[in-house]
Structures are given as C-alpha cells and as structure tokens.
Amino acid sequence: MNIRKITDRVSYCGVNDRTTTLFENLWELPMGVSYNSYVITGSEHTAIIDGCSEKLAGIYMEQVTAVTGAGKPDYIVVNHVEPDHSGALPRLLLRFPDIRIVTNAKAAAMIEGFYGIGDDRLLIVGDGDTLDLGDATLRFILTPMVHWPETMMTFLEQEGVLFSGDAFGCFGALCGAVTDDETDCSRYISEARRYYACIVAKYGTFVSRAIDKCSNLSFNHICSTHGPVWHSRIGEIVDLYGRMARWDARPGVVIAYGSMYGNTESMAEMLAARLVEEGVRDLRMHHLSYAPLSRVLADVMEFNSIAIVSPVYNTEVYPPAARLIEALGNRGIRRRNLALAGSYSWGAQSVARMSRMTDNWDVNRIEPRPEMKQHRLSDSAEAIGRLAANLAAAALDNK
Ligand code: FEO
C-alpha cells in the first residue's frame, strides 16, 4: 500500500504494476509502471482524480477506501479514458453506487462504449468549467490529443495542483517515494523520454498547445497519471516535454542498423568509427533485430541525427529497419539530420526504398547514401567517410 498525502487536500492512492511486461502490449517495462490516482478531500465533497487498470482494481479499491475511510467519494474525475486509467471504473461504481463520473462529452461517449455506463452516472463538463468541493475548486482544462481526443486536465485552484493526465508522465513504478523530492529522479527522467517517444510523440503539436494553455496557471505540483508527482523538478519535466514536443535535440548520432550476416553491421561500425574521428562524442548504436524499438525511439528523441543502415530483403527494406522507419514517420519526425546507407547481395534496392519511405520527412538529408555490394567494404569506404564527415558537421552544428 502506497498512500501519501501530497498537500492538505490531496492524497495519492495509485498502484504499481511490475508484472505487465509490455505497455499496450508493445512497449517494454523494465521498471514497471504506476497508474496514479488521487483523492481530493474538500470541506463538503470528495473527488477521486483518475483511476487505474482493471488488472489492479482489487488493490486500487483498497487504496481508495483507505484514503476515504468511512466517507464516500462523491465524484470520480476521468481526465483520460484509456483503459490503464479507466479499467477499474465498473468496480468503483459498484463499490460506491452514488458516485458520479465527472468528465467531458467526448470522454463520456467513450465510457459508454467501453463500459456501457450511461448518462445517469455522468456529470459532463466543458473547458473552463469548475466543480465546487466546498473549500476546494476544480477547474477543467480540455487538452485534446494528449494523448487521445478526450484528454483533459484538472486544476485544484486553492492549492495549485495540476492533474495533467498522461502529460509529464513516465514509465517506471514508484518505489516507496511518490513525489520527486523523495527519490533520485534521473531514471524517471530517462523513462519520461522513452514514454514520450512511444506514447505521445505523434501528438507533439497538441502537447505544445497544452503547455501553452497551462502557462497562465500557477501550479506547484504536477500530478500525472504515470510516474512521480513533480514538485521540486517541475521546471525540468515541463522543459523536457516542451523540448520533445518541438523535436529539439542535442548533438549526437543514433546509428540504427539491420544486418543478417554481419556485412551491413560492418558498414555501421565503419560509419561509427569515422564519426568519432570527425569529433562526434555522443553516439548510440542499435542492432534493430535486438534493440527494443522503444529504446531506439527514445534515443532519436534525444539526439539530433540518425543514420539508418539496412540491407535489402526480398527486394524491400529489411523488416526491422522498415519498422523503425514506419514508427518514426508515424510520429512525424522532424528537425533531424538523416543519413541513409544500405547493402545488397544481388539487387540494389535498399537505399532507394528507404529514400522513398522517408521522402515526406521534414529532415536535413545528408549525402552521400552509400550502398555496399555483398562485403565489398573497401569499395564503400570512401563514400562512408564522406557521409561521416557531412553527418558529423551537421550533428555538431545543431541548428
Ligand atoms: Fe496512460 Fe494514454 O494512458
């Protein structure tokens, strides 16, 4: 049980999940994940903010009951309907038959669709609406597409607490500590980058809008749905999210390569060595058949340059490299230096295919685009050297 008082009126009652290995059945969770929920106790009414997944509804109900005691919560505010936060709703409604779900119209339609819960249990709010809990006032701020169309935030005016939904969240279960000043947060910051890259990156424009919309609020706690409560490091997490939303990056190169027999890997190794000779000091290499895609995406969020090196496979791009290209395109990659290189045994198609697949990316394309036949590495050395020089110059310039 991990219940913690955050402020006079706000208590944490979220749960940790260390047994789900893939978030959304896609993304690795080496440190687990938390589903954060909060209870606000006003002088007249009590509200829960956000819920948890159905899988952990049992322990979650214990947590909620421990905070509310003999009193019954009047409201559950649903900032985001994705089932990692709404899965326990049916259980909550069963336990507290008089509780009302406070949410916006888009979310209400989703709640009906997921759980068959109808209007009689709902209190619909719009942008800027408030809910009076007595000596506590909740203000609702619609922030669509962070990360679904119905997402909103809730602001506790009297105490400056922003319940931000998925925004400013991260992977990583909480280890006893709830607020950022109770623990070393460096690993949560790292997991925030991976979380953003996997879950939110496609919606960067909306993240920027949400940050702008909240900029006139005076908040001293950010209570997101995943990860620690931000208090001492609010500036750092807001800045990180803002930078990622703008695709800001620091100088460095990610080499992401596919290789069946080690020949394309030799190209990638040669490129890496040349980049270091050219002065690049932050360099990450990923063998795409083995590296978790989430890790590669997180590195691409962090560094300003990427080189994708792939062999041809059945006249197409090698599938692990194609998967990465698709994932980056889906997220709207921009403001990166992009280098492409490839190899083939009998049909030179890889670089041409990758070029077409990345054609609509808003990136700085680095030339040349070497393509090696079989293992004729020495034939490609000169082109790889020129590519390294040009890529290093662009990466270190970091405009
Ligand atoms: Fe943590 Fe988009 O749900």
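**View 1. Contacts across the chain.** Take the contacts (heavy atoms within 4.5 Å) between residues at least 6 apart in sequence: 71% of them join residues at least 24 apart. Keep in mind that this is a predicted model, where local features need pLDDT of at least 70, side-chain atom pairs count only at pLDDT 80 or more, and totals for chains, interfaces and linings use all residues. Residues are numbered from 1 along each chain as its sequence is written, and side-chain values use heavy atoms, with hydrogens and water left out.

**View 2. The overall build.** The chain holds 23 strands and 12 helices (DSSP runs numbered from the N terminus: E of at least two residues for strands, H or I of at least four for helices). Its radius of gyration, taken over C-alpha atoms, is 24 Å, close to the 21 Å from the globule rule for 399 residues, so the chain is as compact as a globular protein of that length. That rule is 2.2 Å times the number of residues to the power 0.38. Along the principal axes, the C-alpha atoms fill a box of roughly 80 × 35 × 35 Å.

**View 3. Strands 15 and 16.** Strand 15 (residues 161-165) runs parallel to strand 16, paired over 4 bridges; to count as a pair, two strands need at least two DSSP bridges. Phe 163 sits opposite Cys 223 of strand 16.

**View 4. Two faces of strand 16.** Which residues of strand 16 (residues 221-224) point the way His 221 does, and which the other way? Cys 223 goes with His 221, while Ile 222 and Ser 224 point the other way, and all are buried (under 20% relative accessible area, 1.4 Å probe, protein chains only). Across the chain, 58% of the 399 residues count as buried.

How values were computed
Buried < 20%, exposed > 50% of the residue type's maximum accessible area, 1.4 Å probe, protein only.
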